[in-house]
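Visitor: I have a structure open and would like to learn how to read it. Where shall we begin?

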Amino acid sequence: MDLIWRGLARGVKLLLSGDPEIYEIAFLTLRVSGLATLVSLVLGVPAGLFLAVRKFRFRRALVGAVNTAMGLPPTVVGLWVAIFLWRSGPLGALGLMYTPTAIVIAQVLIATPVVTGFTMASVQQLDPKLPRQILALGASPLQFWWLVIRECRFGLLAAVMAGFGAVISEVGASMAVGGNVRHHTRVLTTAIVLEVNKGNFDVALALSFILMTLAYAVTFALTVVQQRKRRYVT
Amino acid sequence: MARAANPRDQVAAGDAREIIAGSDIRVVRQGKEILVVPNIAVREGEVVAVIGPNGAGKSTLLAVLACLDFPERGRVFFRGTEVTKRNVVEIRRRMSVVFQEPLLLDGTVLENVELGLRLRGVRDGPRARAVEWIRRFGLTGKEGQAVHTLSGGEAQRVALARAFVLNPEVLFLDEPFSSLDSIARQELLRDFRRIIRDTGVTAVLVTHDFLEVRLLATRVLVLSRGRIEAEGTPESISNDPLWGRLAGLH
């Protein structure tokens with residue numbers, strides 16, 4: 001217990017002291033995971049809408065692949081992204097290995113299936129006849145997708161939360177492609193692992209409290225928006 | 001003194017124009033032919049009831065005529081123009097569809113009723129038109145009410161108001177009263193009958209209920225196993241035991 005209290009006290013002290021390195025790590029974490037979540041929304045929401053509404057050959061196989069990819073181990077994603085970005089790899093010429101961009105790429109691959117899966121599930125929870133009713137009302141293709149998104153917006157917010165939660169908490173991919181380079185690619189999760197390895201449990205605990213606070217703050221803000229209005233249920 | 005031309009009289013005189021027509025329609029699901037209709041036409045002022053047992057293809061026929069599904073084979077014409085993927089949105093905007101369930105969108109009664117007008121970019125007082133149809137369906141005072149708080153009967157009234165406010169050239173109704181309890185159904189049917197007579201709207205009604213056929217229809221199609229087996233007036237259909245059996249009504 002003493003260790004936990006010391007960790008908590010150290011965390012508060014670190015935050016209040018304005019330690020620039022701690023803030024640098026926290027901001028990089030938010031920047032990298034926020035950007036990865038945004039990109040995964042751009043890719044995952046249209047993919048989820050398409051898979052939920054359209055019927056086509058191999059759809060089931062594709063849905064199965066998305067559902068499987070939702071549980072993709074970040075370390076495995078990190079390994080594959082590292083192979084591609086490695087100096088002698090197919091994308092080695094881009095020089096992205098051990099950069100924040102490499103972490104964003106890996107995190108996009110982790111979050112996109114999560115966002116796609118949640119989007120698909122939220123659209124499939126709508127009455128299956130509703131899309132036909134929207135078409136029957138005379139909606140153009142753009143109006144159709146806008147109204148479908150509006151109807152399942154609460155589920156889409158859950159997709160945002162799940163995607164952000166998946167990437168801000170992962171460590172394997174960030175470590176594999178970012179390398180935990182001080183002042184460059186060190187994020188909160190990789191910093192925690194480093195401090196644990198050094199036996200600095202109090203610093204590791206302090207960093208973990210900061211990570212949890214960040215994750216909670218973002219998720220809480222989204223939850224407030226999500227719960228602001230009740231949806232049509234009958 | 002000569003009477004003003006009533007669409008229903010024109011139908012009787014046989015000079016009404018075809019609004020929607022289909023030829024050589026064939027719909028296949030999972031390798032099985034579920035609808036085969038060589039020819040069908042709905043003329044201005046008609047209320048065509050489509051009856052038949054479950055799985056006869058009634059809703060499939062309605063979806064094809066309402067341009068919500070394209071058949072595997074055959075062509076559908078709206079006022080003589082063939083419906084294609086290029087013009088389908090414009091043609092849908094000249095029709096309305098009401099399903100068995102109200103299928104309202106999240107929001108208020110008013111937002112739902114004026115939605116179709118907004119999708120069409122109508123600038124000419126969509127709100128006033130919506131309020132007027134809310135009144136005609138007996139929902140005055142509920143304009144600002146969230147639709148999830150309405151009863152089943154009220155929600156279906158909103159769905160009907162949302163369809164009528166668009167002033168459709170043809171109205172498609174897929175068992176719109178079947179999910180309501182007996183009292184709500186009777187009340188709505190009474191109001192609906194009055195409105196359909198006042199407006200003279202052309203309609204295609206899919207139903208299982210012969211009371212609705214007798215009250216509303218000018219012509220009846222009996223569908224069985226995806227084919228039109230019989231056609232006639234409500235009286236001729238109701239008097240023929242064979243047709244009645246086919247329709248699953250007797």
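**Reading a buried threonine**

Guide: With one side chain. The side chain of Thr29(A) comes to 3.0 Å from the backbone nitrogen of Leu188(A). Keep in mind that this is a predicted model.

Visitor: Is Thr29(A) buried or exposed?

Guide: Read the relative accessible area; under 20% means buried. Thr29(A) has 3% relative accessibility, so it counts as buried.

Visitor: Which residues does Thr29(A) touch, not counting those up to four places away in sequence?

Guide: Gly34(A), Ile168(A), Val187(A) and Leu188(A). Leu188(A) is also the residue whose backbone nitrogen the Thr29(A) side chain reaches.

Visitor: In which helix does Thr29(A) lie?

Guide: In α2 of chain A, residues 20-53. Look at the start of α2(A) too. There, a side-chain oxygen of Asp19(A) is within 2.9 Å of the backbone nitrogen of Glu21(A).

Visitor: How do I check the span of α2(A)?

Guide: Compare the expected span with the distance between the end C-alpha atoms. At 1.5 Å a residue, the 34 residues of α2(A) should span 50 Å. The end C-alpha atoms lie 48 Å apart, which agrees.

Visitor: Where is the kink in α2(A) centred?

Guide: On Leu41(A). The kink is about 30°.

Visitor: Let us take a serine. Where is Ser174(A) found?

Guide: In helix α9 of chain A, residues 172-178. Its relative accessible area is 0%, so Ser174(A) is buried.

Visitor: What does the side chain of Ser174(A) join in a polar contact?

Guide: The side chain of Glu170(A), at 2.4 Å. Now set aside neighbours within four places in sequence. Ser174(A) then contacts Ile103(A), Gln107(A), Gly179(A), Val187(A) and Thr190(A). Val187(A) is also on the contact list of Thr29(A).

Visitor: Now chain B. In what order do the strands of its open sheet come?

Guide: Trace the sheet strand by strand. The four strands run β2-β1-β4-β5, with antiparallel pairing.

Visitor: Why is one side of β2 and of β5 left without a neighbour in the sheet?

Guide: Count partners. In chain B, β2 (32-43) and β5 (81-82) stand at the edges with a single partner strand each, so one side of each has no neighbour in the sheet.

Visitor: How many bridges join β4(B) to β5(B)?

Guide: Two, between antiparallel strands; β4(B) covers residues 73-78. Phe77(B) has Glu82(B) of β5(B) as its bridge partner.

Visitor: What packs on the sheet?

Guide: Helix α2 of chain B, residues 58-65. This helix touches β1 (18-29), β2 and β4 of chain B. Its direction makes about 55° with that of β2(B).

Notes
Residues numbered from 1 in each chain as written. Chains lettered and ligands numbered in written order. Predicted model: local features only at pLDDT ≥ 70, side-chain atom pairs only at ≥ 80, totals over all residues. Heavy atoms only, no water. Pairing = 2+ DSSP bridges. Contact = heavy atoms within 4.5 Å. Axes fitted to C-alpha atoms, helices over the stretch in contact; angles between N-to-C directions. Buried < 20%, exposed > 50% of the residue type's maximum accessible area, 1.4 Å probe, protein only. Polar contact = N/O pair within 3.5 Å; in protein donor to acceptor, adjacent residues only side chain to side chain. Expected span 1.5 Å × (residues − 1). Bend = angle between axes of the 7 residues up to and from the residue.
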